[in-house]
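My notes follow in the order I took them.

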Amino acid sequence: MDSLIGHRKNLLVLIFIIIAFAGGVFFIKKYFYSNYNNYNIIVISLTSLRPDHLSFNNYERFTSPNIDELAKQSLIFRNAYSVSSWTLPSGISLFTGLYPFSHEVMNRHDGSYLNEKIPTLMDRLEKAGYETAAFTGGFDYDPIFGLTNRFKKNFYSAPMSSGKWGITDYDNNFGKIASSTQKAIDWLRANQNSKPFFLFVQGYDTHCPFTPKEGGKIFDPTYENKKNIDFSGCIQTRRGSQSKEVNSEKVWQVFSVAKIGEQPNALFLTERDVMHLIALYDEEIYEADKSVGNILRTINELGLSQNTIIILLAEHGDYLGEHGQFMRGGSIRGTFGEEAMRIPLIISIPDARPKIFDQFVSIVDIAPTIADILGINFKTAQGISFYPLIKGSKKKTREAVYGGSIFEPSINNFFFKEKSITEMVREGDWKLIKEAIFNSSKGLIEEEYKLYNLQKDPDEDDSVASDYQYIVEDLKEKLDNWRKSIISKEDY
């Protein structure tokens, strides 16, 4: 009898262990290793959006209430970087997982077209049975560059023709996310019960010119435009503009381009004018956030929240007067600073607990990461999947982030006449930027390396390259090796 009782006890213990193990496996799967096969993917991009101007990042203005709500339930990557300071090369990198030097689509006017042999994330997903659709503001997402035409459904509000801008005016609603949101929502409703889908929605709200509907009244109602400055054009500088003292007041000379192809107008901005420009930018975020909110509410209304992964990001940031720099203007000197290269990256995954990551990730990592989450092969990418990081692996996915691209201005470019190549590497607290300028007849005419310790100098005010030459040499070698490794055509 005692033997029988003992056997029963052992059996009960065994059953308890099995149940506990199964529960543990369920917990691990639920929170770390969920099977996300056939989950929907929605990627939302607000071009030129800076993470430090989102209110959940302790920004002084309440710019992004809907994005803030998304962030509360998401994975936040505070050290996400782009690979270029403007949209065309970065957007191609986002969907190919390749660096600009490899996919070679970096300039609008030279007939650049994504090689059809290069697979994109959309191609991989369509083969896996996904419906794919893109609703964008056009510009650098026009199918003329060979990217968005890879989506099965492609809507864009800014057509181009023969490599030239289809329209000349910067219209207030031109290319903004609001012009695409309702069409994207209609597509969502029509496809909610069919195949799993991959949806891309993008807008240029936070890209210059900053023309919010309220005209600055939300965040800067007391501003008096005494000099009748026209803020409706793209306000920019060729390089960092040095301020001058005028009547005991700092003044920056900038240029405004209201119509593409026309001569820029010179403007002189005071500190108060710059503050208003920033307020206009912040209001653009606030307006775009409403469209993001409409998309998120639609996802909930349609019951898609439990099987849809949502990613919000930007292709690059922008300058709002830091170091006298306004806008970016291609791969020119001074445009690979943190303001332009650091991007927001928010990922909402069903059943994944909210978490903040400080590890380095790159925009080229996003396509392979999405594929990895879905269990789809995308090994041709140069990017590195950071899904192991999401799952809690202690293994580092990256020791460093890299960026680099070539800018060749068109003949009628008023700001830039020379070809330029800008590259960067960020490893630990150190960041090295290489800037090279080329002349068509003389070749390389100028080259400079800048080194920053971002822990001590987060605003990149002072290059310490001359003081830490051994670090410059070390990072320079890594930058050279990186570029050599990614130019290989074998990557695709």
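**Entry 1: helix H6.** The model is predicted. I began with helix H6, residues 178-191. H6 has 14 residues. From first C-alpha to last it reaches 20 Å, close to the 20 Å expected at 1.5 Å a residue.

Which residues of H6 are buried? I found Ser180, Thr181, Ala184, Ile185, Trp187, Leu188 and Asn191. They cover an arc of only 165° around the axis, which puts them on the same side of H6.

Next I looked up what covers them. The cover includes strand E1 (40-46), strand E4 (131-136), strand E5 (153-156) and strand E8 (197-203). Helix H7 is also included in that cover.

Entry 2: H7 came up as cover for H6, and I turned to H7 next. With 31 residues at 1.5 Å each, H7 should span 45 Å. Its end C-alpha atoms are 45 Å apart, which agrees.

I then took the pair H2 (residues 65-72) and H7 (residues 271-301). Their axes come within 7 Å. The crossing angle is roughly 50°. H2 and H7 are therefore oblique to each other.

I listed the contact residues. H2 gives Pro65, Asn66, Ile67 and Leu70. H7 gives Tyr286, Asp289, Lys290, Val292, Gly293, Leu296 and Arg297. Sorted by class, this contact has 6 nonpolar, 2 polar and 3 charged residues.

Just after H7 I noted glycine 303. Its phi is positive, about 70°.

**Entry 3: aspartate 289.** This residue sits in helix H7. Is aspartate 289 buried or exposed? Its relative accessible area is 1%. Buried means under 20%, so aspartate 289 is buried.

I checked which residues it touches, leaving out those up to four places away in sequence. Aspartate 289 touches Thr63, Ser64, Pro65, Asn66 and Ile67. Threonine 63 is 226 residues away from aspartate 289 in sequence. In space the two are 7.8 Å apart, C-alpha to C-alpha.

**Entry 4: helix H11.** I moved on to H11, residues 469-486. H11 has 18 residues. It reaches 26 Å from its first C-alpha to its last, close to the 26 Å expected at 1.5 Å a residue.

The buried residues of H11 are Ile471, Val472, Leu475, Leu479, Trp482 and Ile486. Seen down the axis of H11, they fall within an arc of 95°, so they line one face of the helix.

What does the face turned away from the buried side of H11 carry? I found the exposed residues Tyr470, Glu477 and Lys484 there.

The cover over the buried residues of H11 includes helix H4 (100-103). It also includes strands E18 (400-407), E19 (419-427), E20 (430-439) and E21 (443-453).

**Entry 5: histidine 109.** I looked up where this residue sits. Histidine 109 lies in the loop between H4 and helix H5 (121-127). With a relative accessible area of 40%, histidine 109 is partly exposed.

- The peptide bond from cysteine 208 to proline 209 is cis, with omega near 0°. Proline 209 is in the loop between E8 and strand E9 (234-236).
- Methionine 327 has phi near 65°, a positive value in a residue other than glycine. I placed methionine 327 in the loop between strand E13 (308-313) and helix H8 (338-341). Methionine 327 is buried, with a relative accessible area of 12%.
- Aspartate 351 has a positive phi of about 75° although it is not a glycine. Its loop runs between strand E15 (345-348) and strand E16 (355-357). At 30% relative accessibility, aspartate 351 counts as partly exposed.

**Entry 6: the whole chain.** I closed with the totals. The chain has 11 helices and 21 strands. Of its 492 residues, 56% are buried. I also looked up contacts between residues at least 6 apart in sequence. Among these, 69% join residues at least 24 apart.

Technical notes:
Residues numbered from 1 in each chain as written. Predicted model: local features only at pLDDT ≥ 70, side-chain atom pairs only at ≥ 80, totals over all residues. Heavy atoms only, no water. Helix = DSSP H or I, 4+ residues; strand = E, 2+ residues; numbered from the N terminus. Expected span 1.5 Å × (residues − 1). Buried < 20%, exposed > 50% of the residue type's maximum accessible area, 1.4 Å probe, protein only. Arc of directions from axis to C-beta. Contact = heavy atoms within 4.5 Å. Axes fitted to C-alpha atoms, helices over the stretch in contact; angles between N-to-C directions. Parallel < 35°, antiparallel > 145°, perpendicular 65-115°, else oblique. Nonpolar A, V, L, I, M, F, W, Y, C, P; charged D, E, K, R; others polar.
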